[in-house]
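Biologist: I'm new to this one. Can you put it up and walk me through it?

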Amino acid sequence: MEYSTKISERMWNQPDKGELEAEREQTFIDDIVQKAHIEKELLSSLDGIETAFDGGAGSGRFSILLAKHGIQVTHFDISQPMIDKAREIAEKEGVLDRITFVRGELENLSAYEDKAFDLVVSFDAPISYTYPDQERTIKELVRISKKKIIISVSSRLGALPYLANPIQKNQFILDANCDNSWVQWCIASKDQMVKNFSFSKDKLLETYESGLLCDVEETKKAYDNGEVPWSISYHFMPDELENTLKECGVKNISLAGPGAFARTLPNEILVKIMNDPKQKEEFLDFCHMYDSNPYVCGMGKDNLFAKGEIV
Ligand SMILES: C[S@@+](CC[C@H](N)C(=O)[O-])C[C@H]1O[C@@H](n2cnc3c(N)ncnc32)[C@H](O)[C@@H]1O
């Protein structure tokens, strides 16, 4: 097993992971924007789709949505807490009979035949966590798809501003008075983060060239010492993702950068928009359109989104 798989397995199998992931849209506005974008894309892609594979399906944000639209879904993930949370939500939503839960790693999809599913999806970076196997993973996902593939991976151009902004998540806090521990940590540590920060051109250049935010050897060492480091995540350039899909024979590819528009607005304005249902709906529609413009796709907040057809 590659280090990245072992590291992912340990991190994503932390007992609280399922619960934390399921709370994301209640706490952070960038997550609301990203989910709305993917949801719109998914719901407009379901013609002729009866079966779907969701790779790295997490707590079921999209697998359950697909099941609610009558699709037979294979919910595939490396993490048992994620699968347990998804099963609990699927039961509440009355769609358990339309979902097959499978614990497994994306690095090994040999159990599935060519063109096994009408639609293959993988959202919010599971493919990036398969580093250094990310390209082979995409090829395998394309192999098991019969009609369409829709994915989102970590974005290199989108992630670089993180390295120059340790308080980037504060911009997207929905309710500063909520009791979510991450939100409270962001608020409490903001001043200290700014004080400790210094800009390093070399650090940014390293990520710009490698697509990696972390030091791989340090991460491996931490894993070997029994720690729980963040998964190694490979960040794609837009042309690189598009070319990989093209090489696998995917046609009619379009890319997007969910969050590109929202990241231009300050927290006060974003919160105001989110608290008015009419403005929120119009804003999310506009974000979807703006973020789908190929000229901004690299500047999505976290993800680079791609969809295409298998013909
Ligand atoms: C950020 S979450 C996204 C979950 C879901 N796709 C969504 O958008 O809500 C990433 C998911 O990828 C899963 N994951 C990470 N590495 C994986 C791997 N190598 N194989 C399968 N799943 C993996 C994690 O367990 C986690 O559930």
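Modeller: Strands β2 and β3 (residues 99–103) run parallel and are joined by five bridges. Strands here are DSSP runs of E with at least two residues, helices are runs of H or I with at least four, and both are numbered from the N terminus. Two strands pair if DSSP finds at least two bridges between them. This is a predicted model: local features need pLDDT of at least 70, side-chain atom pairs count only at pLDDT 80 or more, and totals for chains, interfaces and linings use all residues. Residues are numbered from 1 along each chain as its sequence is written.

Biologist: What's the bridge partner of Thr74 in β3?

Modeller: Thr100.

Biologist: And which helix makes a β-α-β unit with β2 and β3?

Modeller: Helix α6 (residues 80–92), and the unit is right-handed. That is, with the strands pointing away from the viewer, the path from the first strand over the helix to the second runs clockwise.

Biologist: How many bridges pair β1 with β2?

Modeller: Five, in the parallel sense, with β1 covering residues 51–55. Thr51 stands opposite Gln72 in β2. β1, helix α5 (residues 63–68) and β2 make a right-handed β-α-β unit.

Biologist: Why is β2 largely enclosed?

Modeller: Because five of its six residues (72–77) are buried, meaning 20 or more other C-beta atoms, placed from the backbone, lie within 10 Å of a residue's own.

Biologist: Switching to the ligand: how many residues surround it?

Modeller: 22, and the closest are Trp12, Gly56, Gly58, Ser79 and Asp124. A residue is near if its C-beta atom, placed from the backbone, lies within 6 Å.

Biologist: Which helix gives the most to that shell?

Modeller: Helix α1 (residues 3–12), with three residues.

Key
Buried ≥ 20, exposed ≤ 12 C-beta atoms within 10 Å, placed from the backbone.
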